[in-house]
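Please open the structure in your viewer and keep the selection tool at hand.

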2 protein chains.
Amino acid sequence: MTRLIECVPNLSEGQDTVVIDSFMSALEGIPGLIVLDRSSDASHHRTVLTFVGTPEALKQGVVNLFELASRHIDLREHVGEHPRMGAIDVVPFIPVRNATMQDCVDLAREVGAEVAQRFDVPVFLYGEAATAPHRRLLSNIRKGEFEGLPEKLRAPEWKPDFGPEVPHPAMGASVFGARPFLIAYNLQLDTADVRVAQAIARAVRTSTGGLPHVQAMGVYLADRELAQVSMNLLDFQKTPIHRVQELVKIEAARYGARVLSAEIVGLVPQEALLEAAAYYLQVENWQPDLVLENALVRKGE
Amino acid sequence: MTRLIECVPNLSEGQDTVVIDSFMSALEGIPGLIVLDRSSDASHHRTVLTFVGTPEALKQGVVNLFELASRHIDLREHVGEHPRMGAIDVVPFIPVRNATMQDCVDLAREVGAEVAQRFDVPVFLYGEAATAPHRRLLSNIRKGEFEGLPEKLRAPEWKPDFGPEVPHPAMGASVFGARPFLIAYNLQLDTADVRVAQAIARAVRTSTGGLPHVQAMGVYLADRELAQVSMNLLDFQKTPIHRVQELVKIEAARYGARVLSAEIVGLVPQEALLEAAAYYLQVENWQPDLVLENALVRKGE
């Protein structure tokens with residue numbers, strides 16, 4: 001089986017469709033690279049590209065994106081709602097198939113070093129690739145944003161992992177890293193009261209003492225007139241979907257509310273849903289090799 | 001994606017391991033064919049082989065099995081607990097990947113005609129390949145077994161679909177067909193009272209007025225001292241696992257019993273578990289393409 005890694009670069013351009021199209025074109029035609037998704041937000045002035053490929057193909061793809069960004073993105077003129085410090089702001093690598101987290105850490109280091117040298121951009125490593133505990137969280141690295149970079153880079157604890165110790169005038173700095181697959185997962189409630197969704201979010205998310213590896217917030221869906229618990233599941237192997245689902249149900253019960261439905265945003269790895277099925281069906285002899293398709297892969301088809 | 005079909009021939013030899021090994025050898029080395037399972041039962045005097053492959057590979061494999069059976073199996077000397085009418089008793093084809101039921105019907109006809117002509121064996125078609133409603137059920141075709149074949153074949157309604165209208169002296173007759181994937185699925189109860197499992201089985205199985213496409217019986221597991229509802233789910237797309245699971249729970253509640261755990265026997269198609277996950281998680285935007293691996297396949301990886 002080919003080694004497949006996912007790459008989800010966030011670009012600081014979400015308005016000019018001609019430029020965004022050119023970023024897409026820069027990925028097409030690379031052997032072994034498949035673009036899965038492209039999502040632009042004009043008010044964020046930001047585009048998120050999702051593609052998978054072999055390590056070699058991803059390296060080529062990311063270098064192509066930096067080449068284009070060096071010509072088309074100037075952060076000195078960039079205004080958007082989303083925090084950012086670089087033209088290519090973040091480049092995470094995610095193991096997808098036949099690849100380990102260490103493979104992704106290695107790739108983040110290799111590609112990060114390459115673009116730092118080629119484009120004279122400071123590069124930080126984050127997530128599983130971080131070289132110090134205070135650099136694990138992307139939000140810590142990005143604090144101060146593009147405008148704060150000159151000062152931030154003077155602090156010894158913010159010496160970049162690769163590249164110059166001054167920001168690139170137009171491209172700022174970039175953050176490379178490795179992380180598990182992120183599942184964007186929302187649960188709709190049978191109430192329009194957003195405070196219920198907010199209270200549930202506080203109970204389940206990591207930052208306020210809930211489950212590990214969960215980000216959550218309560219939002220009101222005006223078009224449907226109902227409240228939603230909107231979540232990112234940051235490590236579905238450690239905090240599986242079913243545990244989040246059942247905890248949301250339990251917390252909702254306190255307010256007489258129930259889960260109306262779930263929404264999967266983007267893609268979900270097969271393993272995450274198979275584990276949920278095994279939980280709810282109470283399969284006592286569960287192992288992924290019970291799945292016909294997995295058995296075929298194991299046998300070499 | 002390669003077209004993959006599963007084939008599960010039932011052979012009337014379950015005791016002589018040298019002969020059974022030779023059947024296995026007859027499958028090995030066929031390009032595009034993968035053996036998934038082999039299961040012999042001495043008291044049934046029967047072996048079930050499970051393999052997948054391209055249509056061409058399966059045809060070669062089945063012809064090889066008939067070649068060996070013509071030399072090693074003589075039903076005139078065969079005594080076993082399981083009903084049988086042929087040396088190669090049943091040959092079902094099951095769509096697995098990138099193959100339709102019609103592909104399997106076509107393959108059953110093609111390979112059935114081939115072995116009938118080559119080995120002078122009458123061949124019936126059953127299941128989705130049946131040429132008349134009374135031939136849909138394997139049990140109808142096999143009624144009378146090997147010993148009753150001379151008389152059965154004289155009846156106009158039992159004229160074979162292919163081959164001679166008299167049985168092969170040693171090999172009897174064979175039944176080829178196409179059917180959906182069968183999931184063998186057991187639910188353990190938190191009671192040792194087999195009558196509870198039997199009552200639940202009567203409530204859920206097709207033959208006594210329950211759900212379509214379900215075979216079920218209640219059994220006592222002596223080693224675990226508990227009762228089990230043992231089932232075959234004959235068409236998981238029409239009667240999905242979760243519906244069976246929840247109906248068993250509902251019927252069990254009548255007796256104050258609960259489901260302790262589930263057991264998957266053999267293999268289960270990915271789709272069956274993904275649909276169960278989508279049900280229990282209440283995914284409102286469910287479609288198989290939400291699964292990363294499926295999206296990759298669709299994109300051509």
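In this predicted model, begin by selecting chain A and colouring residues 4-178, which form domain 1. How far apart are the centres of domain 1 and domain 2 of chain A? Taken over C-alpha atoms, the two centres are separated by 29 Å.

Next, display chain A and chain B together. Chain B can be superposed on chain A by a rotation of 179 degrees, with 0.0 Å of shift along the axis and an RMSD of 0.1 Å. The two copies are therefore related as by a two-fold rotation axis. To locate this axis from chain B, select B:A277: its C-alpha is the one in chain B nearest the axis, at 2.3 Å. As for the contact residues of chain B, 100% of them recur in chain A, so that the same surface serves both copies.

Now remain in chain B and select residues 226-233, which make up strand β10. Within this strand, pick out B:N232.

Finally, select B:S22 together with B:N232. Between their C-alpha atoms the distance is 30 Å, while 210 residues separate the pair in sequence.

Technical notes:
Residues are numbered from 1 along each chain as its sequence is written. Chains are lettered from A and ligands numbered from 1 in the order in which they are written. This is a predicted model: local features need pLDDT of at least 70, side-chain atom pairs count only at pLDDT 80 or more; totals for chains, interfaces and linings use all residues. Helices (H or I, at least four residues) and strands (E, at least two) are DSSP runs, numbered from the N terminus. Copies are superposed by least squares on the C-alpha atoms of residues with pLDDT of at least 70 in both. Two residues are in contact if their C-beta atoms, placed from the backbone, lie within 7 Å. Domain bounds come from an automatic or database domain assignment.
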